[in-house]
Amino acid sequence: MGDVRVAAIASLTPLEELDSDPFLVDTRGQHAMCARWAADQGYVVTRQLRLYGLRPDHPALWSDIESGEVELFVAPCDRVLSSALASVPEFTAECERRGVRLEIAGLAEPFYTADGKAGVHRRLSMPTAGYDGC
């Protein structure tokens, strides 16, 4: 039996929210949580989505489902899902209508020190300056 293919949903929350909710801004941390959850289930993440207030019927959400490249969605937590999508209830209903599972990883979120927040800030504020995120 092959691996279940997963689309990991992360939220493109504005950098201005870094102090109040660093995890919501840290797309890399969100995707890492989804990847850990998928690995724990024996699944594989084949698509990383970065969304902010996207309509639940947007083709970008469904193209990989329709092509068979993705079989389920996972988000790290409800907060991320609420930020990523314009309407979680509508997205959930669309998943049910299409027969696609939607999971919440629900793992412990990382603790962000001042240095950790600074790293997220650097990574997100200098993407075209050659910074590789290390």
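User: How much of the protein chain is buried?
Analyst: Buried residues make up 41% of the 134 residues in the protein chain, where buried means under 20% relative accessible area, exposed means over 50%, and partly exposed lies in between, with a 1.4 Å probe and protein chains only. This is a predicted model, in which local features need pLDDT of at least 70 and side-chain atom pairs count only at pLDDT 80 or more, while totals for chains, interfaces and linings use all residues. Residues are numbered from 1 along each chain as its sequence is written, and side-chain values use heavy atoms, with hydrogens and water left out.

User: OK, and which helices and strands does the chain have, and in what order?
Analyst: The protein chain has six helices and four strands, and from the N terminus on they run β-α-α-β-α-β-α-α-β-α. Helices (H or I, at least four residues) and strands (E, at least two) are DSSP runs, numbered from the N terminus.

User: What does the radius of gyration agree with?
Analyst: The protein chain has a radius of gyration of 15 Å, which agrees with the value near 14 Å that a compact globule of 134 residues would have. That radius is taken over C-alpha atoms, and the globule rule is 2.2 Å times the number of residues to the power 0.38. The C-alpha atoms fill a box of roughly 40 × 30 × 30 Å, taken along the principal axes.

User: Let's look at helix 2, what is its reach from end to end?
Analyst: Helix 2 covers residues 27–41, which is 15 residues, and reaches 21 Å from its first C-alpha to its last, close to the 21 Å expected at 1.5 Å a residue. The expected span is 1.5 Å times one less than the number of residues. Helix 2 is followed by glycine 42, whose phi is positive, near 80 degrees.

User: Which of its residues are buried, and what covers them?
Analyst: In helix 2 the buried residues are Thr27, Gly29, Gln30, His31, Met33, Cys34, Trp37 and Ala38. Their cover includes strand 1 (5–11), helix 1 (22–25), strand 2 (44–51), strand 3 (72–75), helix 4 (78–84) and strand 4 (101–104).

User: Why does glutamine 30 count as buried, and what is it in contact with?
Analyst: Glutamine 30 counts as buried because its relative accessibility is 0%. Leaving aside neighbours within four places in sequence, glutamine 30 is in contact with Ala10, Ser11, Phe23, Leu24, Val25, Pro76 and Val80, where contact means heavy atoms within 4.5 Å.

User: Pro76 is on that list, so where is proline 76 placed?
Analyst: Proline 76 sits in the loop between strand 3 and helix 4, and at 0% relative accessibility proline 76 counts as buried. Not counting residues up to four places away in sequence, proline 76 touches Ile9, Phe23, Gln30, Met33, Cys34, Ile104, Ala105, Gly106 and Leu107.

User: Switching topic, is arginine 97 buried or exposed?
Analyst: Arginine 97, which lies in helix 5 (residues 88–98), is exposed, because its relative accessible area is 60%. The C-alpha atoms of arginine 97 and isoleucine 65, which are 32 residues apart along the chain, are separated by 13 Å.

User: And where is alanine 118?
Analyst: Alanine 118 is found in helix 6 (residues 114–125), and with a relative accessible area of 31% alanine 118 is partly exposed. Alanine 118 and glutamate 96 are 22 residues apart in sequence and 40 Å apart in space, C-alpha to C-alpha.
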